[in-house]
Amino acid sequence: MKILVLGAGQLARMMALAGTPLNLQINAYDVNTDTIVDAISQQAIGRGLATAIADADIITAEFEHIPLPILEQCQQSGKFLPGAEAIKAGGDRRIEKQLLDNAGVKSAEYAIVNTEAQFKQAITDLGLPLVFKSALAGYDGKGQWRLKTTEQAAVLWQEIADFLAADPKQAIVAEKFVPFQREVSLIGARDANGNISVYPLTENHHVNGVLSTSVIAEATTALQQQAEQVFTKLANSLNYVGVLAIEFFEVNQQLLVNEIAPRVHNSGHWTQQGADVCQFQLHLRAICGLPLGSTDLIRPTLMINILGEDSLPNEILAISGLQLHWYGKSKRPGRKMGHINLSAVNKTELKHKFNQLIDLLPAAAFPQLTTMLEQL
Ligand code: AMP
């Protein structure tokens, strides 16, 4: 079966790596260059979306910031899963908030801001502190502003007004600041028959808005159930097929949705060696109409992102239960270049191995790992 992935980054690459044993052939479409590439080698193999669509049995996506005409063209082919509606909800915070409201799912209180009057109204209605987020193209904390005091409001509005003036398609979603205890995510899949299979909740730690580590969360059954209920509501309301990721803020045992990602997700990379079926194959199974299989945890696993580095000491490979995943990308400061998965038989051993690993990694490139070790 031939699958076309919109987007030619590491997520398409890892889908290809996971799909090959099932004889699934994955090509990627680079939406910026209109090129069809081999998802693993990045070698160009053709040009043009129409050609790519004609050649594919199924079309899917590895990111949500895709130009609408491309989404429409894929949707019209009847081959696109999870489909244009889900991708749009992930790519536009206004649509996302509407989806959450319609499904009766809790998220931070919000207001849409396009004008100075709406900006002031949002401050009055929601109170401070506030987080302002660009409706489009926001990820990894980019396109965000914080407002803590009314004295800062005029200066901030000027900045936001300039941002809005530069792109007429943009809007701002003002969100009440959530004093969360931790951030967790739930990743799972829904198939075309409505079967749902989810992984255990994952606890995520960010540094400067970018994911740094993910590990299985210590979570009560009630918390896991709460997350699964949200997943079921959202996946059903979108008639979703494929892997869906939901990021939550946990506040006093209550989960508020931060955002959704209609695709495989960075916080699910640990499933490559911590779960029976990894998220990449789970997504492919769902969109290809294959049985989802088991999403059970097989061993505690920690994922550490490699940001802005293209080499690490080979000695880390001597740690048992460690796998290194490079994405074959050229080096840029802060860029997601790869990740490390570290597994152990239990939490105590995982902490021990994590400690060993921290000693071998360059400290400047991996800030705050010691703090995360203490919290594990
Ligand atoms: P996002 O791009 O929306 O995932 O935001 C990036 C990070 O900013 C999140 O992982 C949170 O740590 C933080 N953040 C976003 N929205 C809020 C909020 N409403 N309240 C508190 N922190 C937030």
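Analyst: What follows describes the ligand site, then a pocket, and ends with some backbone details. The model is a predicted one.

The ligand has 16 residues around it, and the closest of these are Lys133, Gln144, Glu175, Val178 and Glu183. Sorted by class, this shell consists of seven charged, five nonpolar and four polar residues.

In the side chain of lysine 133, an N or O atom is 2.9 Å from a nitrogen atom of the ligand. Lysine 176 takes part through its backbone: a polar atom there is 3.1 Å from a nitrogen atom of the ligand. On arginine 93, a polar side-chain atom lies 3.4 Å from a ligand oxygen atom. The ligand taken alone exposes 470 Å², of which the protein buries 94%.

Which strands supply the shell? At least two shell residues come from each of strand S7 (130-134), strand S8 (144-147), strand S9 (172-176) and strand S15 (254-261). In terms of domains, the chain is assigned domain 1 (2-80), domain 2 (109-176) and domain 3 (182-375). Domain 2 and domain 3 each contribute at least three residues to the shell around the ligand. The C-alpha centres of domain 2 and domain 3 are 30 Å apart.

Next comes the second largest pocket, which holds about 410 Å³ of space. Its lining has 16 residues, and those closest to the pocket centre are Ile66, Leu68, Gly91, Leu136 and Lys169. Helix H3 (68-76), helix H4 (84-91) and helix H5 (93-102) are the elements that give two or more residues to this lining. The lining divides into seven nonpolar, six charged and three polar residues. Because both domain 1 (2-80) and domain 2 (109-176) give residues to the lining, the second largest pocket lies between them.

Some backbone details remain. Most peptide bonds are trans, and most residues other than glycine have a negative phi. Leucine 81 and proline 82 are joined by a cis peptide bond, with omega at about 10°. Another cis peptide bond joins leucine 128 and proline 129, with omega at about 0°. Proline 129 is in the loop between helix H6 (116-126) and S7, and S7 is one of the strands that supply the ligand shell. Asparagine 23, which is not a glycine, has a positive phi of about 60°. Asparagine 23 is found in the loop between helix H1 (10-19) and strand S2 (25-30).

Note on methods. Residues numbered from 1 in each chain as written. Predicted model: local features only at pLDDT ≥ 70, side-chain atom pairs only at ≥ 80, totals over all residues. Heavy atoms only, no water. Near = heavy atom within 4 Å. Polar contact = N/O pair within 3.5 Å; in protein donor to acceptor, adjacent residues only side chain to side chain. Areas by Shrake-Rupley, 256 points an atom, 1.4 Å probe, with all protein chains shown as cover. Helix = DSSP H or I, 4+ residues; strand = E, 2+ residues; numbered from the N terminus. Nonpolar A, V, L, I, M, F, W, Y, C, P; charged D, E, K, R; others polar. Domains from an automatic or database assignment. 1 Å grid on protein atoms, 1.4 Å probe; cavity = no way out; pocket = protein on both sides within 12 Å on 5 of 7 lines; lining within 4 Å. Points joined across faces, edges and corners; volume = space filled by probe spheres on them.
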